[in-house]
Each structure stands twice: as structure tokens, then as C-alpha cells.
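This report covers helix packing and nonpolar cores. Please keep the sequence and the model at hand.

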Amino acid sequence: MQNYLSLKKIFNNKFLFTKLIIFFIFFLSLFLNHKILEKNDVYTSYNNIEYHKMIKADPHRYLSHGAEIKKEVEEGNNFFLSGRENYTKYLPPRIAALYYITFDRDLFNNFEEKKINIGIHKEYLIIQILLYFFSIFFLFNSVKNRFDNRVVSILICFLCIEPTIVQYNFSFWSESIFFSIQIIIISLIFKKNQSYKNLFFIGLFIAILSLQRQIAFFYIIPIILYYFIFIKKIDKIIFIILGYLSIQLSLGYINYLNTSKFHVITADSKIEIHRSFVSQVISKIRGTTTREFNYSEGIIVKDWLEKNNIEYTNKEKFLLKEFNFFDWMDYRREIVFKDDKISFDNFIRSRSYMYFSQYPFEFIKHYLDKSKHIVILNPFHIYSDLNFVSGEIYYSTKSHEKYINIRILYTLLIYSIALLGLIFLFKKKKNDTVILLLFSLLYFFGLVGWSGNTRYFVPNLIYISFLFSFGLNSIYQSLFRKKT
């Protein structure tokens, strides 16, 4: 009888039950991680070409860069100044390098063959899972006295089990760590004690978030607006900015030592829009292919390189008639000096702005068309990533068709409940919570809507999880009232 009462007390204690959920899902995640690695940490082949099932595309870029950093550090170079150009995200390759150095692991058997070693990443994914569940536990402690107990329990359960989010914990994509930092930031914002130290850490983690994925670089702006609206104390906002600048200025100085130019924006943040957005819109306007657009841009780029006396290799190759197609990215790859590449990226960005100003309505129309696709949740991304050599191959298969209806229904379910949560918050006049969530959603949606890539939308689920929790709780309250 005493044991029964103790068990009943546990399940009646919302906080204790939620903690048990966190720990149970954490250990379940470790078990799943072991099984996924056991099955997929292998080589397979497609069209007689071998590739690693888990480490390809972006993960291969991050991890191979990390391996190069480790190699240079072992040769006596500075950790922060080692490695190749930070074309894309700064933090993922550094995290990989730190892992390889700390655990004395080598990604490749050697740097000539570059065959990926099997069985060396178990601790890497364990650490990633640990960080994610630490962030959830940190969030729980921040909001347990701010929101209704049931809302907190639903929120924590959602973040522990929602497949679109948690699938990345078992992969080498950059999303899992990005989600963890997002959760830490919103936990700090929701903390009751908004001390100067807490505010400094908010800015610090926003800057770290931008190192994980550059899309977060301007996230400091909606956060400052939020604090300006609801706190209206300049001294507190200054501490957020100081925390943010402490990281960004350090990165800028490191980049200055590397390239002789102080900069904090990565190359792909400047030129990816030109390659993936501008090329599609302008080629459609001109009635040509994106390949032809890139070729025409290549001619303009070549003239710019010559006019600015920028040194690039293989000039003879570019002059040969039989090589009848060189896009503007071909020229970038041949630029010799890192600081010249930065100038090149700025030039391409200026051309993007030029096209935007010439055809604003065409770009808006294309953006809206792409953004309709990006909001469809995809809990099957890691499944397709493990079973197909690329997304392009997967999207042409029956497997994609098979899951698309499930994805649409699942998306409608999540969004419908989240909408109820938003309505509930409006009715209860929880304006600070609404503004924070909507500012964050508009920011992370607005900057990626043009891409059409559903993976880029997933960070928004961190904020949608709050709306979902309030929505599901309001449904529960309605059913309970009707029953009584």
C-alpha cells in the first residue's frame, strides 16, 4: 500500500514526472544512437561509387575540415588559425577538430585515400545528445515557475520526442547543436532573474548560435527589440550587446589574422543567395537556364578579376575554346589569396542587390512560391539521408511520394494545435511570450523562405513547441470542463 501511494505521488507531481520523462528519453536516445551507428556507420555504394552512409554532403565538409585542423595542430599550428577557408559555418568543423584532438581520433585512414574510419564517432554523438538534453533540462528549470505545470510537461515532452527535431541528434548535420543553443537562449530569456550576467550570456549564446549557422547572425536584432519593448532599460540591453560582441569581435580578429581583413560574415552567407535564388529568378525572366545565367555571370566576374588585378590560377584553361562553360563559382575556386576571395564575395553580393532592385516583384513572387514548400515538416529527413546517396535521388523515388501525405497531415496537426496556443496566449494577454515567439519565428522563417529547403525551417519548431504546448493544454482544459 505504501509503495502504491509513493508511486501515485510521483505521477501526481508534475515536476518529478517531467524529470523522469527527460531522463527516460535521454537513455532511450543513447540506445537508439548505438543502434543507428551500428547499422549505418558503414560504407555503401551507388552506381559503383562508394560513400559513407552517414558522412556525406555537408557533414563530410564539416568533419573533413575538422580532420584538417587536427592535422595542422599536430604539426604545431594554432588551433584557431588552422584549417582551410571558412566558406560556410565556422563552428561545426572546430567542434569536430576538438573532438578528434581530445579523443585522439582520425577521420581518415590517410589524407591521400581519405577513406573514413569506421567506429570513431560514438562519443561524438553521445556528447551531442548530452548537450541537447542538458538544454532541455535547463529550459525546464527556467520555465517551471513561469508557465502552468501541464504546459511545461507538454513542452518538455514535445522537445524530447518530436521526430522532426530529435532525428538530428543521431546524425552529423549541424542542426542538433544549433537546436541546443536555441533552447539555451530562450531559457535564459525566460529566466525570472534577468541579471546583468544573464543578459550578457544571452548575447554570448546568440553569437555562438551564429557561428553554428550564420543565419542567426542578425538574431540579436529581434531579441534587442523584445527587451526594448518589455524592459525599456538601456543598461540591460547594453549587456546583451556586450556578450554578443565579445564573440563576434574575437572571430573578426581571428579572421583578420587569417586573411588580413576583419570580417565575421562567411562566404556562403554572401553568395549562396546569388547561386540558389538569383540564378533561378533571373534565368526565368530571361527565358534561359540557370547554367546559362551562371555562365553570363562568369564573363562579368572574369572582367572584374582582370580590372582589379586579382590573381587566379589556370588562366590558360579559362581561355581555351573547348571549355565553353565556366560559371562565376569556377573563377572563385581559382582565386589565390583569401582576402581577394572576400572582395569577390562582396562583389557577388552587390550584384544580388542590383538584381533585387531591378526585379523586386519577381523575387517576391518566387520567394512566396518557395516558402509554401519549406513549411511542410519532414520527420523523415535522416531516414532518406541514410538510405539514399542524396536528396535529389530521394525526391524522385516512390518513398518520397509515400511519405508526403503523412508529412502534410502531420504538419497540419502540429500547426493547428500551435494556432490554438497562439489564440490562447492572445486571450490571456501574454504579450511578452507572444512577441518573443513571433519575432523569432518571423526571423528564422524570413531568412530561409527563399530556399525551399524544409531542413532550414526546422529551427522554427523550437518556438512552435511553446505554441503547441499552450494549444494542447487549452484543448485538455476544454475537454475537462465539458466532462465536469
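Which residues touch the most other members of the largest nonpolar core? They are Leu159 and Tyr219, in a core of 103 residues.

## Basis

The model is predicted, with local features needing pLDDT of at least 70 and side-chain atom pairs pLDDT 80 or more, while totals for chains, interfaces and linings use all residues. Residues are numbered from 1 along each chain as its sequence is written, and side-chain values use heavy atoms, leaving out hydrogens and water.

## Nonpolar cores

A nonpolar core is a set of buried Ala, Val, Leu, Ile, Met, Phe, Trp, Tyr and Cys residues joined through side-chain atoms within 4.5 Å. Buried means under 20% relative accessible area, exposed over 50%, and partly exposed in between (1.4 Å probe, protein chains only). Of the 103 residues in the largest core, helix α8 (residues 175-190) gives the most, 11. Helices here are DSSP runs (H or I, at least four residues), numbered from the N terminus.

Leu159 touches Tyr132, Ile136, Leu139, Ile165, Val166, Ile183, Ile462 and Ser465; residues up to four places away in sequence are not counted. Contact means heavy atoms within 4.5 Å. A second, separate core has 16 residues, among them Ala267, Trp304, Tyr312 and Ile335.

## Helix α10 and its partners

Helix α10 (residues 220-230) packs on helix α11 (residues 234-259) at about 165°, with axes 10 Å apart. Axes are lines fitted to C-alpha atoms over the stretch in contact, and angles run from 0 to 180 degrees between N-to-C directions. α10 and α11 are therefore roughly antiparallel (over 145 degrees). From α10 come Ile220, Ile224, Tyr227 and Phe228; α11 supplies Ile234, Ile237, Ile240, Ile241 and Tyr244. This contact of α10 with α11 has nine nonpolar, no polar and no charged residues. Nonpolar covers Ala, Val, Leu, Ile, Met, Phe, Trp, Tyr, Cys and Pro; Asp, Glu, Lys and Arg are charged; the others, Gly among them, are polar.

Ile220, Pro222, Ile223, Tyr226 and Tyr227 of α10 are buried. Their cover includes α8, α9 (196-212), α11 and α21 (431-446). After α10 comes Lys232, with a positive phi near 60°.

## α9 against α11

α9 and α11 pack at about 35°, with axes 7 Å apart. The residues of their contact divide into 15 nonpolar, five polar and two charged.

## Asn387

Asn387 lies in helix α18 (residues 381-387). Asn387 counts as partly exposed, because its relative accessibility is 43%. Its C-alpha atom is 7.4 Å from that of Lys53, 334 residues apart along the chain.

Technical notes
Helices (H or I, at least four residues) and strands (E, at least two) are DSSP runs, numbered from the N terminus. Angles under 35 degrees count as roughly parallel, over 145 as roughly antiparallel, 65 to 115 as roughly perpendicular and the rest as oblique.
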